[in-house]
Amino acid sequence: MLNCKTLSAKLIGLTLTVAAMTGASADQNDPRLPTLFETLQSAENPLEASTTEQEIWRIWHTSPSDEAHSTMVDARKALDNGDPATAISKLNKLVQENPDFAEAWNQRAIVLYLTGDFEGSLNDVNRTVALEPNHFGAYSGMGQCYIRLDEPERALEAFETALEIHPWLGNVRQQIQMLRAYVNTKKTPI
């Protein structure tokens, strides 16, 4: 068991590692991921789950090259500056040049969602989960898209998949409860 001081030091180190990261050879095919997903499944508390989740995200965000990393950073900056069109343009380049990089597809799916292109976002989410079947973030995004497209049953299915992969997603658990209640009331005749 880790004590809070040790865990805080690890979290700070992880944050600095992610902030300083440039292109390296890690992505959804990283050999550490299966063990991390097992740890996520068996986590005994939210802090352990959160630490594991952060490591998974760090690996997923590791770009396949320095150029890909730079393009991803530029896309994030554009989005942060309120320029989703430039972000999408940068991410288009990223997915064209790195079609097997799941997180590139996921990041574009997020920006497309934010611009209201829910069908386009779903297309990219589907590509993300084809490359990384354990991408709980993509399944959560899929659920959000289906909510916006007024497909609550499909949203519920996507959220349930996300929760199966990552049992500590509290916000997803809440979405599932609300959607189950909604779907059940829809099925009840008036």
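My entries follow in the order of the look-ups.

**Entry 1: overall make-up**

I noted at the outset that this is a predicted model. I then listed the secondary structure: 10 helices and zero strands. Read from the N terminus, the order of elements is α-α-α-α-α-α-α-α-α-α. Next I looked up burial. The chain has 190 residues, and 43% of them count as buried. I also took the accessible surface, which comes to about 10300 Å². Carbon and sulfur atoms hold 53% of that surface. Last, I checked contact range. Among contacts with a separation of 6 or more, 59% join residues 24 or more positions apart.

**Entry 2: helix 2**

Which residues of helix 2 are buried? I found L33, L36, F37 and L40, within a helix that spans residues 33-42. They lie on the same side of helix 2, because the arc they cover around the axis is only 100°. I then asked what the buried residues of helix 2 pack against. The partners are helix 3 (46-60), helix 8 and helix 9.

T39 also sits in helix 2. Leaving out residues up to four places away in sequence, T39 touches E48 and T52. I also took one distance. T39 and H166 are 127 residues apart in sequence, yet 10.0 Å apart in space, C-alpha to C-alpha.

**Entry 3: helix 4 and helix 5**

I moved on to helix pairs. Helix 4 covers residues 66-80 and helix 5 covers residues 84-97. Their axes come within 7 Å and cross at roughly 160°. Helix 4 and helix 5 are therefore roughly antiparallel. The crossing of helix 4 and helix 5 is left-handed. On the helix 4 side I noted residues including E67, M72, D74 and L79; on the helix 5 side they include P84, K90, L91 and E97.

**Entry 4: helix 6 and helix 7**

I repeated the look-up for helix 6 (residues 102-114) and helix 7 (residues 118-131). The axes come within 8 Å, with a crossing at roughly 160°. So helix 6 and helix 7 are roughly antiparallel to each other. Their crossing is left-handed. Helix 6 contributes residues including W105, R108, L112 and Y113, and helix 7 contributes residues including F118, D124, V125 and L131.

**Entry 5: helix 4 and helix 6**

How do helix 4 and helix 6 pack? The angle is about 15°, and the axes are 12 Å apart. Helix 4 and helix 6 are therefore roughly parallel to each other. Helix 4 passes helix 6 in a left-handed crossing. The contact uses M72, R76 and L79 of helix 4 with E103, A104, Q107, V111 and L114 of helix 6.

**Entry 6: D150**

I finished with the backbone angles. Most residues other than glycine have a negative phi. D150 is not a glycine, yet its phi is positive, about 55°. Where is D150 found? I placed D150 in the loop between helix 8 (136-148) and helix 9 (152-165). D150 is exposed, with a relative accessible area of 57%.

Methods. Residues numbered from 1 in each chain as written. Predicted model: local features only at pLDDT ≥ 70, side-chain atom pairs only at ≥ 80, totals over all residues. Heavy atoms only, no water. Helix = DSSP H or I, 4+ residues; strand = E, 2+ residues; numbered from the N terminus. Buried < 20%, exposed > 50% of the residue type's maximum accessible area, 1.4 Å probe, protein only. Contact = heavy atoms within 4.5 Å. Areas by Shrake-Rupley, 256 points an atom, 1.4 Å probe, with all protein chains shown as cover. Arc of directions from axis to C-beta. Axes fitted to C-alpha atoms, helices over the stretch in contact; angles between N-to-C directions. Parallel < 35°, antiparallel > 145°, perpendicular 65-115°, else oblique. Left-handed = near helix turned anticlockwise from the far one by under 90°.
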